[in-house]
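Open the structure in a viewer and keep the selection tool at hand. The stops below say what to select next and what is there.

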Amino acid sequence: MKVVILAGGLGTRISEESHLRPKPMIEIGGKPILWHIMKAYGEQGFTDFVICCGYKGYMIKEYFANYMLHNSDICLDMRSGEMAMLQKNCEPWKVTLLDTGETTQTGGRLAQVRQYLDETFCLTYGDGVANVDLSKLVQFHRDQGTKATVTAVQPVGRFGSIEMQGNRATRFVEKPAGDGNWVSGGFFVLEPSALDHISGPDTVWEQEPIERLAAQQELSVYKHHGFWAAMDTQRDKLHLERLWAAGEAPWKIWS
């Protein structure tokens, strides 16, 4: 099953980093967050990736073009110019990298990869990590029989919560649960037909296409109660870095 990753946005809300590199190439623990996402998929048996590049997409292409070189022992014969790989330490991934335009919206990017999708596929963003059980997600989608399934999450609140009586605090919670609403965490499972009515490069996937699927009762919701986080700002990046450094990264399902 193919995994499509949207990795072409400008990342304006984390411009401290994204002015130098595309957002999916911003590193957590010395590895691009894109690698973390792919690693989690790969460990669960999903190894065929289609990456929708855009802003500074050449950096993503260069990363994977040199991936085997950087992760293998090599022998260089300086006389003949030959290079031999002695030991490969690479993931068994197939990676298709497509230039979908620097200013193309998310729906427009999906329209461009439609020709490569002839069966059920996964879709996610290049900036969010989670410990979603992907096999259960896919099975849920198949059981529902709809064109699309979205993973819903309940993000924690950003600020501390104070419960009080009069002028006295009775309870302080540093990171309380959010307002109870479910939001899209990405991690979609889609049938190719879910993309049939995308109108053009300016179509935003999260707006009209999804709204239409919901109106047609073709959008199922898989509730994920585990970890989820999106690296939208520098604050988010530092939070993920701290989790990784402390060995407490819930999305790290590999040894």
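How many disulfides does the count come to? The count comes to zero disulfides. Keep in mind throughout that this is a predicted model.

**Stop 1: the cysteines**

Select cysteine 52 and cysteine 53. The closest cysteine sulfur to that of cysteine 52 belongs to cysteine 53, and it lies 7.7 Å away, which is too far for a bond because a disulfide needs the two sulfur atoms within 2.5 Å. Cysteine 52 is buried, at 0% relative accessible area.

Now select cysteine 75 and cysteine 90. Cysteine 75 takes part in no disulfide, and the nearest cysteine sulfur, in cysteine 90, is 17 Å away. Cysteine 75 is partly exposed, with 41% relative accessibility.

**Stop 2: a patch on the surface**

Select Met68, Leu69, Ile74, Leu76, Met78, Met83 and Met85, and show the surface. These residues form a nonpolar patch there, and together they have about 640 Å² of accessible area. Which elements each supply at least two residues of the patch? They are α4 (67-70), β5 (72-77) and β6 (82-88).

Isoleucine 74 sits in strand β5 and is partly exposed, with a relative accessible area of 32%.

**Stop 3: helix α3**

Select residues 57-65, which make up helix α3. Which residues of this helix are buried? Gly57, Ile60 and Phe64 are. Turn the view to look down the axis of α3: the buried residues fall within an arc of 55°, so they line one face of the helix.

The buried residues of α3 pack against β1 (2-7), α2 (33-43), β4 (48-53), α4 and β7 (94-99).

**Stop 4: two backbone angles**

Most residues other than glycine have a negative phi.

Start with lysine 56, in the loop between β4 and α3. Lysine 56 is not a glycine, yet its phi is positive, about 50°. Its relative accessible area is 21%, so lysine 56 counts as partly exposed.

Then go to glutamine 217, in the loop between α7 (208-215) and β15 (219-223). Glutamine 217 is not a glycine either, and has a positive phi of about 60°. Is glutamine 217 buried or exposed? Glutamine 217 is exposed, at 66% relative accessible area.

**Stop 5: salt bridges**

Side chains of opposite charge can pair when their charged atoms come close. How many salt bridges does the count come to? The count comes to eleven salt bridges. Some of them are visited here.

Select lysine 39 and glutamate 43. The two form a salt bridge, with the closest N and O atoms 3.8 Å apart. Both residues lie in helix α2, four residues apart, which is about one turn of the helix. Glutamate 43 is partly exposed, at 43% relative accessible area, whereas lysine 39 counts as buried, at 13%.

Glutamate 91 counts as buried, at 18% relative accessibility.

Move on to arginine 114 and aspartate 196. A salt bridge joins this pair, and the closest N and O atoms are 3.4 Å apart. Arginine 114 is partly exposed, with a relative accessible area of 28%. Aspartate 196 also counts as partly exposed, at 46% relative accessibility.

Terms used. Residues are numbered from 1 along each chain as its sequence is written. This is a predicted model: local features need pLDDT of at least 70, side-chain atom pairs count only at pLDDT 80 or more; totals for chains, interfaces and linings use all residues. Side-chain values use heavy atoms; hydrogens and water are left out. Buried means under 20% relative accessible area, exposed over 50%, partly exposed in between (1.4 Å probe, protein chains only). Patches are made of residues with over 30% relative accessible area and no salt bridge: like charges are joined within 9 Å, nonpolar side chains (Val, Leu, Ile, Met, Phe, Trp, Tyr) within 5 Å. Accessible areas come from the Shrake-Rupley method with a 1.4 Å probe; for residues, only the protein chains shown count as cover. A salt bridge is a side-chain nitrogen of Lys or Arg within 4 Å of a carboxyl oxygen of Asp or Glu. The arc is that of the directions from the helix axis to the C-beta atoms. Contact means heavy atoms within 4.5 Å.
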